[in-house]
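Colleague: I would like to learn how to read a fold from its contacts. Where do we start?

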Amino acid sequence: PQLLPTLVAAQVGASLAGDFSLTWLLGGLCFSISPAVAQAMLVTHESDLARSTRHAAVIICLMLVLPVTLFITYGDKVLGLFGPSYSRYGAVLLVWLAVSTVPNAITNVAVARWRVRERLRPAAALSGLMAAVTLGLVIGPLRPTYGGLGSVGLAWLLAQTVGCGFVLGRAMFRPSVSAKLEAVPT
């Protein structure tokens, strides 16, 4: 998230970089909710991780409903408060960022669970994977100079979705590996 605005600014120039930065900051309001809630809820309830995960997920969903609905429905008007160019160039980006809060929340909860269990390798692998996908798409086929600023939001959404696939894949296949290891006599 910190490198992306710099990369976009280098590709599109100062004027559009300003439009991107403001829109990215608004989207960032949504992106700050899930990691904060997940970290707070899971660390304080590590004795019953499943229950605290469900509780955190409910709180995250409730907190995201209003801003996501606002950005999807009235994002162009919200951005228009800052000037017409923000609305013109950032509206599609803000919609993609709002939609991406769902997979972003899932990956943030997964990272928080791994941290509680002191499993930092999958958290690092997930973060690296999503960064590589985002940056690879923004440098390559979803370059903002080709598809506008909205293409950056689409790249972010695709990276978050790939991250969800990683989380789902670990959830589906990891228990079988653990069960096999536990069955091995020591």
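Modeller: With the word itself: contact means heavy atoms within 4.5 Å. Among contacts in this protein between residues at least 6 apart in sequence, 71% join residues at least 24 apart. This is a predicted model, where local features need pLDDT of at least 70, side-chain atom pairs count only at pLDDT 80 or more, and totals for chains, interfaces and linings use all residues. Residues are numbered from 1 along each chain as its sequence is written, and side-chain values use heavy atoms, with hydrogens and water left out.

Colleague: How many helices and strands does the protein have?

Modeller: Both are DSSP runs, numbered from the N terminus: helices are H or I, at least four residues, and strands are E, at least two. Here there are 9 helices and 0 strands.

Colleague: At what angle do the axes of α1 and α7 cross?

Modeller: Axes are lines fitted to C-alpha atoms, for helices over the stretch in contact; angles run from 0 to 180 degrees between N-to-C directions. Helix α1 (residues 3-12) and helix α7 (residues 120-139) cross at roughly 5°, and their axes come within 11 Å. So α1 is roughly parallel to α7 (angles under 35 degrees).

Colleague: Which residues of α1 and α7 meet?

Modeller: From α1, L3, L4, L7, V8 and Q11; from α7, T134, L135, V138 and I139. By class, this contact has 7 nonpolar, 2 polar and no charged residues. Nonpolar covers Ala, Val, Leu, Ile, Met, Phe, Trp, Tyr, Cys and Pro; charged covers Asp, Glu, Lys and Arg; the others, Gly among them, are polar.

Colleague: What share of the protein is buried?

Modeller: Buried means under 20% relative accessible area (1.4 Å probe, protein chains only). Buried residues make up 41% of the 186.

Terms used
Angles under 35 degrees count as roughly parallel, over 145 as roughly antiparallel, 65 to 115 as roughly perpendicular and the rest as oblique. Buried means under 20% relative accessible area, exposed over 50%, partly exposed in between (1.4 Å probe, protein chains only).
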